[in-house]
Structure formats: structure tokens, C-alpha cells
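Reader: I would like to learn how to read the features of a model like this one, step by step. Could we begin once the structure is on the screen?

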Amino acid sequence: MPYQTPSHRREPARRLATRLAAAHSVVLTTHMNPDADGVGSAVALLAWLRGRGAEGWFVPPTPFPERYRFLLPEEEWHLPAKTARAARACSAADLIVVVDAGDRRRLGRVKPMVEGRPTVVIDHHTAPTRPIPGDRLVDTGACATAELVYDILLAAGARGIPAIDNALYAAIADDTGSFAYSNVTPGTHLIASELVQRGVDVAGIHRRLFESMELRRLELLRECLGELRAEDGLSWITVPDQAYRDLKATGDDLEGLVNYPRALKGVEVAMLFRTTNEGATKVSFRSNGSIDVDGIARSFGGGGHAKAAGALVRRPLDEVRADVVDAARALVRE
């Protein structure tokens, strides 16, 4: 049985496909510290647009994650946000496309570069506190933003392009934990099946996403595990700031660390705490059960999904950790 776009998404998918196809100069962006879904969704759309003859660039708010660079067909497609070229591209674009982010706060340094420009938003997160204005295709029922991009490209008749297929498959595989999370639906598997039939390198992508890391990441993990704490239904891990700096670690090295406290038997809510370069505290939340961590993340100015969310709090880590753990403890006890 072939995949079919859900009925409630067909009209917006067709509308955005038409609007994107009419654009001559497009800038794609995503949230700060982009994951495979943000990168893969942007690259897939960019490959299609450039294949149609449009000018297009990917301008993420923070540096391009090295672990996802294999998805980028041409290095020149990426413009670092700090550069004059990126500013000029945003100013000249007749359309800005934001993928995997719906809240203006998540756009970081790109926000002032794209404000006031004609914008399309494609996202699968819960309703944002400060929504990005523009034409939208948003569905929290999608396993990944890449699923919504698949709908748009399906409506546009674009299929069988390796750069697109690899980017979409990587995005979906990563955002579903290699098809293991509760956000997986029958439609998820149908999309994956169609991408595999077109020749996606399943083993190669899996290895790059889940089985390829720098030695410093394991060294950082060793330090982090010494900071693991657990109690009834609750566990958290703290990234030691000194070790992070001494190892010259990057945001890529933190990917998946929150899954260690999450994997403990009996844990309902897992969290990871770290200090950012600016001195704020970044918190990642994961839920194994019925507790909605999007709610607790929102109470600290963040958000995300019911099972996975995050928050950036501009206070010292020790203070934030104490408050967040107390709030999570109350939820678990309820």
C-alpha cells in the first residue's frame, strides 16, 4: 500500500508546494543547534528548489553540525549566519522557509535577518509561545518535520532524487530514534519503505547517525556518567562544564546523552543539564510514560513534544537544576 498524505494535510501541502515552486530565491533555516530533522528537512527542500533552477541557501542560526554534513550535496549551499553573504541572501530572498521550528526565540541570530520577510513555516512541534508569522504546515501528529516535507514534495511530484531521499530518511530515522519512539505511525513506515525502495543507503545512514563518534564524545560521556543522579521515577545527568571545555567538546558530542538517564529501569522523566557558552542553562527533557514533559519545559520558557522537550533558562545551572528537579519530582509523584 503506498503512502498517502493525511486528508487534513493535503490542501496546505499543495498550497505550500505551489508557493515554493513559484519562488526564485529562497533561504531555508531552522532552530539553533539543529538536529537531523532540521538539517534533513532543509536540505531536501533545498535540493528540490535548486533542481528547479531556483537560488537557494541554508542559513542555520548556529554552526552546521559536522555529524550531519554528509547530507549536504554541495558545501556552497550552506551560508554561516554570521557572514555578510548570509545577510545579503536573506535580504534578497523572495521567500524564507523555516523548518522544524515555530517559535521566534529558536531562530537565534537569524531572527533579525528574516523578520518581515515572506515566510513559510513547516513544523511538528506544539503551539509556540511566540509563533513565527507566515504561511504554515504544522502537525504535531507527524513523526518529524521531514514527514511534512515529504507531503509537500509528494504534492509537487518530486520523487526519486537521491539527495532528497537520503536527507528525508536520515531526518525521520533520527527523530524517531531509529523507528523506536512512540511518535512512529504506520505512515512513518510507509514513507521509509518508499525511500528505501528508491535506493536509500539504510546501513550507511544508520552508521553515520548512530555509530560514528569522536573519541572526545566517549571521554565526555565518562565524565557525565559520574554526574548521573536518580530517585524514584526520576533521573538526571549534568554535563561538567570544565570537562566540556577541556575536551573542546561541541554540541554534537551531547547528542543522545539524555538517553542514559532515560534508560534506567523505572524512570518516568529524564533530564540533562548543561551550561551554554553564554552562561545560561540548557535543559533537555525526556518522558518514558504518561508525563507530558512539554508542559514542564514550557513552565521554564521552553517547549517541544510530550515525550521530548527542552528549555533555555538564563540563570546559573545550580539554581535551574534545583528548580527543575523539584518541578519534575512533583509531576512524578502525582
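Reader: In which loop does His-31 lie?

Author: Please keep in mind throughout that this is a predicted model. His-31 is found in the loop between β1 (25-29) and α2 (36-51).

Reader: Is His-31 buried or exposed, and which side chains does a polar contact of 2.9 Å join?

Author: With a relative accessible area of 3%, His-31 is buried, because the cut-off for that word is under 20%. The polar contact of 2.9 Å joins the side chains of His-31 and Asp-100, and another polar contact, of 3.4 Å, joins the side chains of His-31 and Asp-35.

Reader: How should I read aromatic pairs, and how many does a search of the whole structure find?

Author: A pair of aromatic rings is described by two quantities, the distance of the centres and the angle of the planes. The search of the whole structure finds 3 aromatic pairs. One of them is formed by Tyr-3 and Tyr-150, with 5.6 Å from centre to centre and 80° between the planes, which makes the pair edge-to-face. This pair links distant parts of the chain, since Tyr-3 belongs to the segment before α1 (7-22) and Tyr-150 to helix α5 (residues 145-156), 147 residues apart. Both Tyr-3 and Tyr-150 are buried.

Reader: Why is the pair of Tyr-169 and Phe-179 described as tilted?

Author: The ring centres of Tyr-169 and Phe-179 are 5.9 Å apart and their planes stand at 50°, so the pair is tilted; the reasoning is that an angle under 30 degrees would count as stacked and one over 60 as edge-to-face. Because Tyr-169 lies in helix α6 (residues 162-175) and Phe-179 in the loop between α6 and α7 (186-197), the pair ties together parts that are 10 residues apart in sequence. Tyr-169 counts as buried, at 8% relative accessibility.

Reader: What lies over the face of Trp-57?

Author: That is Arg-50, at 5.8 Å from the ring centre of Trp-57.

Reader: Turning to the sheet, what is the order of its 6 strands?

Author: The sheet is open, its pairing is mixed, and the order of the 6 strands is β6-β7-β8-β9-β11-β10. At the edges stand β6 (229-231) and β10 (303-304), each with a single partner strand, so one side of each has no neighbour in the sheet. Helix α13 (residues 317-333) packs on the sheet and touches β6, β7 (234-238), β8, β9 and β11 (308-313), with a direction that makes about 170° with that of β8.

Reader: How many bridges join strand β8 to strand β9, and why is β9 said to be largely enclosed?

Author: Strands β8 (residues 269-275) and β9 (residues 281-287) run antiparallel and are joined by 7 bridges, in which Val-269 has Ser-287 of β9 as its bridge partner. The two strands form a hairpin with 5 residues between them, and Gly-279 in the turn has a positive phi of about 90°. On β11, which runs antiparallel to β9, there are 6 bridges to β9, and Leu-312 is the bridge partner of Lys-282. Strand β9 is largely enclosed by the rest of the structure because 5 of its 7 residues are buried.

Conventions:
Residues numbered from 1 in each chain as written. Predicted model: local features only at pLDDT ≥ 70, side-chain atom pairs only at ≥ 80, totals over all residues. Heavy atoms only, no water. Phe/Tyr/Trp six-rings, centres within 6.5 Å; stacked < 30°, edge-to-face > 60°. Helix = DSSP H or I, 4+ residues; strand = E, 2+ residues; numbered from the N terminus. Buried < 20%, exposed > 50% of the residue type's maximum accessible area, 1.4 Å probe, protein only. Lys NZ or Arg CZ within 6 Å of the ring centre and 35° of its normal. Pairing = 2+ DSSP bridges. Contact = heavy atoms within 4.5 Å. Axes fitted to C-alpha atoms, helices over the stretch in contact; angles between N-to-C directions. Polar contact = N/O pair within 3.5 Å; in protein donor to acceptor, adjacent residues only side chain to side chain.
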